[in-house]
Amino acid sequence: MRMKTKGNSQTCEQLLAEFNNNNAQKPFNPEKIIFSKVGNHDVYNISAPFEDENELVIAGRVEARESEHSKVYFFVEQDGEWVPRETAPVLDLQDPFFSRIGGELIVGGVQIFPHPTLVGQLSWRTVFYKGKTLSKLQKFAKGPEGMKDLRLIELKDGTVGILTRPQGQKGGKGKIGWITISSLDELSVDIINNAPLLENQFIDEEWGGANEPHLLTNGLVGILGHIASFDDKGNRHYYPMVFALNPETSAFSKMKLIATRNQFLPGPSKRPDLVDVVFSGGLIRKSDGSADLYAGISDAEAQKIIIMDPFLSYEQ
């Protein structure tokens, strides 16, 4: 595996061609994840399941089909369906994620709020909570205004890696940045804003972000993320991808797609322009060399699918 500190920008079209031409085992056994006791709301852009107080929990974005105002619920499985956990908090966030740092559970998501200068428009930021368990979560940090897809990971030496995704003057439509800090105490808006971008990873017309970093056995960071584009009709196309990052040098590998929308089960979409959207939620690596990919589908539902563990090749 070749890793460089400066990439050769890859496009959705190139990645899609590579994925379709690859003879390796394609994703299989797609399955809808059934959520109940949320009224007629959709549940999508979920996390992978994680353990809290000896019980598996999934965090999910819960939202009416015609709205962007969502809440994050924490679900537990009962009789094959996932229901809100009665003792868990409900957070006014979108697109939840989790990690574990310093023995604590870190939970985050995107908070929307009225734009400070553009009347009638919304802005957003990433908000972080931490606690020993879900029931003890306390807000402890927030990211810069206008930044989604902020992620944290505890590295092999105990330091903390930050994956950023600025937009605008620095990041265009959205590019991934990387910086490390010695502990969560150093996490700040200035640190996040100053994270260098991974150079030449995306072309300017497209965008991407990190969804879930994994610490690999050799100390590299395997990153589950997404790359996205518009077509000439204004439809959005989101693809789940992975790449590896050296946390010390910021060198990174080529991206590779790991699934496409047509490999999941048919289903509804929030809007006509969101049909071809797979939003990476989380990845559970398994001992048999496969992995379960959890994803939001078409901004309207959640599914999981089995893929070959995409991080194994980075560990060799």
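**The hairpin**

A: S5 and S6 form a hairpin with 2 residues between them, and Asp79 in that turn has a positive phi of about 55 degrees. Strands and helices here are DSSP runs numbered from the N terminus, with at least two residues (E) for a strand and at least four (H or I) for a helix. This is a predicted model, where local features need pLDDT of at least 70, side-chain atom pairs count only at pLDDT 80 or more, and totals for chains, interfaces and linings use all residues. Residues are numbered from 1 along each chain as its sequence is written, and side-chain values use heavy atoms, leaving out hydrogens and water.

Q: How do S5 and S6 pair, parallel or antiparallel?
A: Antiparallel: S5 (residues 71–78) and S6 (residues 81–84) are joined over 4 bridges. Strands count as paired if DSSP finds at least two bridges between them. Phe75 has Pro84 as its bridge partner in S6.

Q: OK, pockets now. What's the volume of the largest pocket?
A: About 680 Å³. A pocket is an open set of points on a 1 Å grid over the protein atoms alone, with protein on both sides within 12 Å along at least five of seven lines; a cavity is a set where a 1.4 Å probe fits but cannot get out, and lining residues have an atom within 4 Å of a point. Points are joined across faces, edges and corners, and the volume is the space filled by probe spheres set on them.

Q: Which residues lie nearest the centre of the largest pocket?
A: Glu68, Lys148, Arg236, Tyr238 and Asp299, out of 26 lining residues. S7 (94–101), S8 (104–114), S9 (122–131), S15 (221–230) and S16 (236–245) each give at least two residues to that lining.

Q: And how does the lining of the largest pocket divide by class?
A: Into 11 nonpolar, 4 polar and 11 charged residues. Nonpolar covers Ala, Val, Leu, Ile, Met, Phe, Trp, Tyr, Cys and Pro, charged covers Asp, Glu, Lys and Arg, and the others, Gly among them, are polar.

Q: What about the second largest pocket, how big is its volume?
A: About 490 Å³. Of its 23 lining residues, Asn22, Ala24, Lys256, Leu257 and Ile258 are the closest to the centre. The lining has 13 nonpolar, 5 polar and 5 charged residues.

Q: How many cavities of 30 Å³ or more are there?
A: There is 1. The largest cavity holds about 40 Å³ of space, and its lining includes Asn45, Asp95, Arg151 and Phe279. S7 and S18 (278–285) each supply at least two of the lining residues.

Q: Switching to the inside: which residues have the most contacts in the largest nonpolar core?
A: Trp178, Ile227, Met241, Phe243 and Leu245, in a core of 21 residues. H1, S15 and S16 each supply at least two residues of this core, and S16 gives the largest share, 4 residues. A core is a set of buried Ala, Val, Leu, Ile, Met, Phe, Trp, Tyr and Cys residues joined through side-chain atoms within 4.5 Å. Buried means under 20% relative accessible area, exposed over 50%, and partly exposed in between (1.4 Å probe, protein chains only).

Q: What is Leu245 in contact with?
A: Leaving aside neighbours within four places in sequence, the contacts (heavy atoms within 4.5 Å) of Leu245 include Met3, Leu163, Trp178 and Phe252.

Q: Last one: is S13 mostly covered or uncovered?
A: Mostly covered: 4 of the 5 residues in S13 (residues 177–181) are buried. S13 runs antiparallel to S12 (residues 160–164), joined by 5 bridges, and Val160 has Ile181 as its bridge partner in S13.
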